[in-house]
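Student: I'd like a close look at one part of this model, please, with the cut-offs spelled out as we go.

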Amino acid sequence: MTIAAEQEMPRSRRRSSLIRSPQFSSLVILIVLLAVFAIADANFLSPLNISNMMAFLPELGIIALGMTLLLTAGEFDLSVGAVFGLAPVVVMLLVQNGGFDIGIALLAGLLLCIAIGAVNGLIVTKIGISSFLVTLSMLLVVRGAALYITQGFPLKSWDQPGFFVTLLAGSFNIGTFRFYTSLWWFIGLSLLAIYVLHYAKLGNWISAIGSNRNAAVARGVPADAVKVWLFILTSVLAGLAGMISAFRISAASPVAGTGYELEVIAMVVVGGTALTGGRGTILGTIVGALMLRSIRNGIVLIGVPGLAYNIFVGVIILAMLILHALLQKNAARS
């Protein structure tokens with residue numbers, strides 16, 4: 001066999017592996033959806049519509065990054081939507097009623113998110129209760145706390161110009177497109193998550209824990225500590241996203257983020273991350289986030305009632321799960 005032929009075989013295997021990968025199939029479906037919506041309504045790809053989509057996408061995308069790492073480790077967090085709502089509410093109450101400096105209030109909000117994530121992680125790892133039950137209970141506690149301390153009324157968010165407003169909710173133009181600084185947060189955190197999951201030792205630990213926790217522990221992986229820190233990270237990212245959203249719309253609502261936990265998990269699963277753990281993809285999560293936001297936006301533009309969004313999401317999730325399962329079976333046979 002010639003050297004050229006020997007070199008061509010690994011290339012063909014890499015191409016075949018790429019085509020079979022879940023994120024590739026998700027990308028193909030995203031491209032098809034974008035084409036369908038663009039043909040159905042010319043305004044779909046207009047600068048104004050793209051700017052509107054990109055204003056909200058990074059906020060859910062930031063939460064999805066943490067959820068990807070957590071799911072890869074075999075756990076998930078149903079309280080992220082409630083944390084999304086509680087964090088900015090606490091910040092605004094500290095500023096408006098407590099007289100705190102906005103910077104100190106933001107730090108206090110993040111510390112609260114750390115505490116919520118730590119409680120989730122410690123109960124799951126030390127007591128051994130399912131993360132589904134723990135985080136479902138935390139969702140009710142956190143959402144109830146947000147409603148109680150505000151009496152159910154939204155708060156006016158911080159709208160005075162300054163460093164923190166620019167940092168979290170500043171806007172900029174690229175030609176006719178308008179974007180928010182949340183896009184830079186999303187890009188930066190995505191690059192960091194890609195490095196952690198695919199190139200750092202921690203990423204190997206996360207995948208090993210999700211694949212076979214006992215085997216990972218036997219090899220010296222601190223599984224419980226890694227899971228606790230992943231719960232903390234996911235909670236902090238949810239709180240950060242909530243603060244970004246509150247600053248952007250100048251309002252902090254105790255019911256903000258309702259249903260986000262399921263939408264975020266859908267983004268992650270559609271992108272190719274396994275619900276059972278052991279396999280995660282940040283690029284796939286980005287594709288999943290783009291897909292679900294495009295569906296929400298596109299169906300409204302073409303005249304489908306917004307209430308039908310969940311039907312579309314449910315069908316897409318089922319289709320992607322079936323497709324990913326078939327790809328896995330084919331890869332196992334190969």
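Student: Which side chain meets that of E263 in a salt bridge at 3.0 Å, N to O?

Tutor: Happy to take you through it. The partner is R293, whose side chain meets that of E263 at 3.0 Å, N to O. Before going on, a word on the basis: this is a predicted model, in which local features need pLDDT of at least 70, side-chain atom pairs count only at pLDDT 80 or more, and totals for chains, interfaces and linings use all residues. Residues are numbered from 1 along each chain as its sequence is written, and side-chain values use heavy atoms, with hydrogens and water left out.

A salt bridge here is a side-chain nitrogen of Lys or Arg within 4 Å of a carboxyl oxygen of Asp or Glu. By this rule the count comes to six salt bridges. The side chains of E263 and R293 form one of them, at 3.0 Å, N to O. E263 lies in helix α12 and R293 in helix α13 (residues 282–301), so the pair ties together parts that are 30 residues apart in sequence. Helices (H or I, at least four residues) and strands (E, at least two) are DSSP runs, numbered from the N terminus.

E263 also forms a salt bridge with R296, the closest N and O atoms being 3.3 Å apart. R296 is in helix α13 and E263 in helix α12, so this pair ties together parts that are 33 residues apart in sequence. As for cover, buried means under 20% relative accessible area, exposed over 50%, and partly exposed in between (1.4 Å probe, protein chains only). E263 counts as buried because its relative accessibility is 10%. R293 is buried as well, while R296 is partly exposed, with a relative accessible area of 30%.

Another bridge joins the side chains of R213 and D224 (2.7 Å, N to O). R213 sits in helix α10 (residues 213–218) and D224 in helix α11, eleven residues apart. R213 is partly exposed at 32% relative accessible area. Together with K126, R213 and D224 are linked in a network of salt bridges.

What covers the buried residues of α6 includes α12 (260–271) and α11 (223–249), along with α4 (80–96), α5 and β1 (155–156). The buried residues of α6 are S131, V134, T135, M138, L139, V142, R143, A146 and T150. They cover an arc of only 155° around the axis, which puts them on the same side of α6; the arc is that of the directions from the helix axis to the C-beta atoms. On the other side of α6, L140, V141 and Y148 are exposed.

One last stop is helix α11, where S235 lies. S235 counts as buried because its relative accessibility is 1%. Leaving aside its neighbours within four places in sequence, S235 is in contact (heavy atoms within 4.5 Å) with V83, C113, I116 and G117.
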